[in-house]
2 protein chains.
Amino acid sequence: VNQRDRHGLEILDRDASLQLLAGRSVGRLAVVDGNQPLILPVNYALDGEAIVLRSDDGRKLRAGTRSPVCFEVDDFDESTRSGWDVVVTGRLEEVTPFDAATLDRVHRLPVTPWAEGDKRYWLRLVPGHIGGRRIPRPAVG
Amino acid sequence: VNQRDRHGLEILDRDASLQLLAGRSVGRLAVVDGNQPLILPVNYALDGEAIVLRSDDGRKLRAGTRSPVCFEVDDFDESTRSGWDVVVTGRLEEVTPFDAATLDRVHRLPVTPWAEGDKRYWLRLVPGHIGGRRIPRPAVG
């Protein structure tokens, strides 16, 4: 039986959370631009426990590498009022040619943005906390 | 034909974005706690153009009313690599008995948290910018 939080939600530990992250390819990145948090949908892939994203020279790169970020993936079913979410906090780092081994590794990951455009920068979220919550589907009957 | 941004995504204007917001009941709120942005899944309903949420005395209320917030709703289909997202930025305000008319109005909204717990505080995101993007489904053929 999983532990529950004070709202009755099942707590997902780091391993369970990473398993859910590995099964998806679209998440949301929150960066702080000035004092304004912004949520940006992103394509991603995992490099071990790190989350790898691509960016052009926009807000993800400018704002995201200057302060801590938050990354989130979820799956909610409005009809059964159930689902889960996983949240990762940490620092976003640009992977540069100075770390050729990492750059070579992330280049082989399936991070394929749906949007057109250059997206030539590779970013890696080095995770601090990884955790999640699950709202179970109500028992039938 | 809708306008497109520099990534080839269709730009959703305020009206189109509000229509998409009105059709959903689960979104994500980004607040800044210290210098750490956090993404929190939330149940919501619209009060005109404002987004109404409920909270216990946790992070949404503490961090969310002290600095600007961001709210996001999206729907992506990984199989067709298409979908949309709508983002709202603004200030989150507690609706208190000092504004009885608003409190009375929001109390009648269908904001029904899936999680257990008290959630006795009503919060209202007064929107600044509202906008969205759509990645169209690729044409068949």
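**Entry 1: helix α1 of chain A**

I began with the face of α1(A) that is turned away from its buried side. It carries the exposed residues A:D15, A:Q19 and A:A22. The model is predicted, and I read it as such throughout.

Next I looked up the buried residues. In α1 of chain A, residues 14–22, these are A:S17, A:L18, A:L20 and A:L21. Viewed down the helix axis, they fall within an arc of 160°, so they line one face of α1(A). I recalled the general rule: an α-helix has 3.6 residues a turn, so residues three or four places apart point the same way.

What do the buried residues of α1(A) pack against? I found strands β1, β4, β5, β6, β7 and β8 of chain A.

I then checked the N-terminal end of α1(A), which A:D13 caps. A side-chain oxygen of A:D13 lies 3.3 Å from the backbone nitrogen of A:D15.

**Entry 2: the two copies**

I superposed chain A on chain B. A rotation of 180° does it, with 0.0 Å of shift along the axis and an RMSD of 0.0 Å. That is the relation of a two-fold axis.

I compared the surfaces through which they meet. Of the interface residues of chain A, 98% are also interface residues in chain B, so the copies meet through the same surface.

**Entry 3: the interface**

I noted that 42 residues of chain A are in contact with 41 residues of chain B. The two chains bury about 3,400 Å² between them, with 60% of it on carbon and sulfur atoms.

How many salt bridges cross the interface of chain A and chain B? The rule finds six. I looked up the one between the side chains of A:D56 and B:R6, at 3.3 Å from N to O. For polar contacts, I have 15 residue pairs between chain A and chain B, both residues at pLDDT 80 or more.

On the side of chain A that touches chain B, β2, β3, β6 and β7 of chain A each supply at least two residues. The largest share, seven residues, comes from β6(A).

**Entry 4: two residues of chain B**

I turned to B:S82, which lies in strand β7 of chain B. B:S82 is buried, at 6% relative accessible area. Its side chain makes a polar contact with the side chain of B:T80, at 2.6 Å.

Last I took B:G117, in the loop between α3 and β8 of chain B. At 48% relative accessibility, B:G117 counts as partly exposed. B:G117 and B:G90 are 27 residues apart in sequence and 26 Å apart in space, C-alpha to C-alpha.

Conventions
Residues numbered from 1 in each chain as written. Chains lettered and ligands numbered in written order. Predicted model: local features only at pLDDT ≥ 70, side-chain atom pairs only at ≥ 80, totals over all residues. Heavy atoms only, no water. Buried < 20%, exposed > 50% of the residue type's maximum accessible area, 1.4 Å probe, protein only. Helix = DSSP H or I, 4+ residues; strand = E, 2+ residues; numbered from the N terminus. Arc of directions from axis to C-beta. Contact = heavy atoms within 4.5 Å. Polar contact = N/O pair within 3.5 Å; in protein donor to acceptor, adjacent residues only side chain to side chain. Least-squares fit on C-alpha atoms with pLDDT ≥ 70 in both. Buried area = accessible area lost by both parts, 1.4 Å probe. Salt bridge = Lys/Arg side-chain N within 4 Å of Asp/Glu carboxyl O.
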